[in-house]
Amino acid sequence: MSDNSKKSPNPVDIHVGARIRLRRNMIGLSQEKLGESLGITFQQIQKYEKGMNRVGASRLQAIANILNVPVTFFFDDMPGQSDKPRGFEEENETTYVVGFLNSSEGIQLARAFAKIGDAKIRRKVLDLVRTLGQEDDAV
């Protein structure tokens, strides 16, 4: 055994954990409530979400059921997927979007946007956000 007893998390575990956190936040479920539903502590949920602990197959299935998504959701948009050829720009864009959706502001924006029932208003909000984004590019 080497002196390096603390291994860094596996990138797949980090991605799966980030997707658990994303979905949990999207539906407004706390780490405590998710842990309660699984019969584990919120600290264990934190470790899963950070990728520090690997989520076993049966536990991942249980999490998917609680969060009301298919298990494949946790593997969507995973960087380095060889079955999806893509250029660097597209992968960076995907990573950026997933990162934003994992942020507090991204989650709040997605929740608020999803509550807008009128499709015309949603399009106007999207146009507004695009315009504001272009103004930042021009500066």
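Helix axes are lines fitted to C-alpha atoms over the stretch in contact, and the angles between them run from 0 to 180 degrees between N-to-C directions. Helices are DSSP runs (H or I, at least four residues), numbered from the N terminus. The model is predicted: local features need pLDDT of at least 70, side-chain atom pairs count only at pLDDT 80 or more, and totals for chains, interfaces and linings use all residues. Residues are numbered from 1 along each chain as its sequence is written, and side-chain values use heavy atoms, with hydrogens and water left out.

**Packing of α1 and α3**

The axes of α1 and α3 lie 5 Å apart and form an angle of about 120°. This makes α1 oblique to α3, oblique being what remains once angles under 35 degrees (roughly parallel), over 145 (roughly antiparallel) and 65 to 115 (roughly perpendicular) are set aside. The residues of this contact comprise 4 nonpolar, 1 polar and 5 charged. Here Ala, Val, Leu, Ile, Met, Phe, Trp, Tyr, Cys and Pro count as nonpolar, Asp, Glu, Lys and Arg as charged, and the others, Gly among them, as polar. On the α3 side, the residues are Tyr 48, Glu 49 and Lys 50; those of α1 include Ile 14, Gly 17 and Arg 24. Contact means heavy atoms within 4.5 Å.

Helix α4 spans residues 57-67, and its buried residues are Leu 60, Ile 63, Ala 64 and Leu 67. Buried means under 20% relative accessible area and exposed over 50%, with partly exposed in between (1.4 Å probe, protein chains only). Viewed down the α4 axis, the buried residues fall within an arc of 100°, so they line one face of the helix; the arc is that of the directions from the helix axis to the C-beta atoms. Ser 58 and Asn 65 are exposed on the face turned away from the buried side. After α4 comes Asn 68, with a positive phi near 60°.

| Helix | Residues |
|---|---|
| α1 | 11-26 |
| α2 | 31-38 |
| α3 | 42-50 |

The largest nonpolar core has 17 residues, and Ile 20, Leu 34, Ile 63, Leu 67 and Phe 74 have the most contacts inside it. Such a core is a set of buried Ala, Val, Leu, Ile, Met, Phe, Trp, Tyr and Cys residues joined through side-chain atoms within 4.5 Å. The greatest share comes from α4, with 4 residues.

**Phe 74 and His 15**

Beyond neighbours within four places in sequence, Phe 74 contacts residues including His 15, Ile 20, Leu 60 and Val 69. His 15 is located in α1 and counts as buried at 8% relative accessibility.

Key: Helix = DSSP H or I, 4+ residues; strand = E, 2+ residues; numbered from the N terminus.
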